[in-house]
Amino acid sequence: MSDALIDARELSRLRWRCRRGLLENDLFIERFFSGHPSVTVHQAAGLAALMELPDNDLLDLLLRRREPEGALARDEVIEVLRLLRTPGTEYARAAQTSPD
């Protein structure tokens, strides 16, 4: 797989493909795209593989209830899953500046 970025048209298609039926999944995915305005070919392949899953199975992976197994346990899927599970830099900045 390549570290080359996908073009704007492919990114738009990918975002459309990533729309989910469960709000919880959509929140993870939207946070990913907000924190990663550019997506590599490698990451796009990982996202595409995850989007083949039923909503509840995807949510289980996002919430760390289970880990990728079998054919899904590929480098690109694991990388994207890690990024989906990690709050983006905008959340880290907000946490650092919020008064406690």
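A residue counts as buried when its relative accessible area is under 20%, and as exposed when that area is over 50%. Arginine 85 has a relative accessibility of 13% and is therefore buried. The model is a predicted one.

Arginine 85 is one of the buried residues of α5, along with Glu76, Val77, Val80, Leu81, Leu83 and Leu84. These buried residues pack against α2, α3 and α4. The side chain of arginine 85 also meets that of glutamate 67 in a salt bridge, at 3.2 Å from N to O. This pair joins distant parts of the chain, since arginine 85 lies in helix α5 and glutamate 67 in the loop between α4 and α5, 18 residues apart. Glutamate 67 is partly exposed, at 42%.

The largest nonpolar core has 25 residues, and Leu14, Phe33, Val39, Leu47, Leu50 and Leu84 have the most contacts inside it. At least two residues of this core come from each of α1, α2, α3, α4 and α5. Beyond its neighbours within four places in sequence, leucine 50 touches Arg20, Leu58, Leu61, Val77, Val80, Leu81 and Leu84.

Helix α3 also holds glutamine 43, which is buried because its relative accessibility is 9%. With neighbours within four places in sequence set aside, glutamine 43 is in contact with Ser38, Glu79, Val80 and Leu83.

The salt bridges number eight. One of them joins arginine 17 to glutamate 52, with the closest N and O atoms 3.1 Å apart. Arginine 17 is in helix α1 and glutamate 52 in the loop between α3 and α4, 35 residues apart. At 36% relative accessibility arginine 17 is partly exposed, whereas glutamate 52, at 60%, is exposed.

Note on methods. Residues numbered from 1 in each chain as written. Predicted model: local features only at pLDDT ≥ 70, side-chain atom pairs only at ≥ 80, totals over all residues. Heavy atoms only, no water. Core = buried A, V, L, I, M, F, W, Y, C linked by side-chain atoms within 4.5 Å. Buried < 20%, exposed > 50% of the residue type's maximum accessible area, 1.4 Å probe, protein only. Helix = DSSP H or I, 4+ residues; strand = E, 2+ residues; numbered from the N terminus. Contact = heavy atoms within 4.5 Å. Salt bridge = Lys/Arg side-chain N within 4 Å of Asp/Glu carboxyl O.
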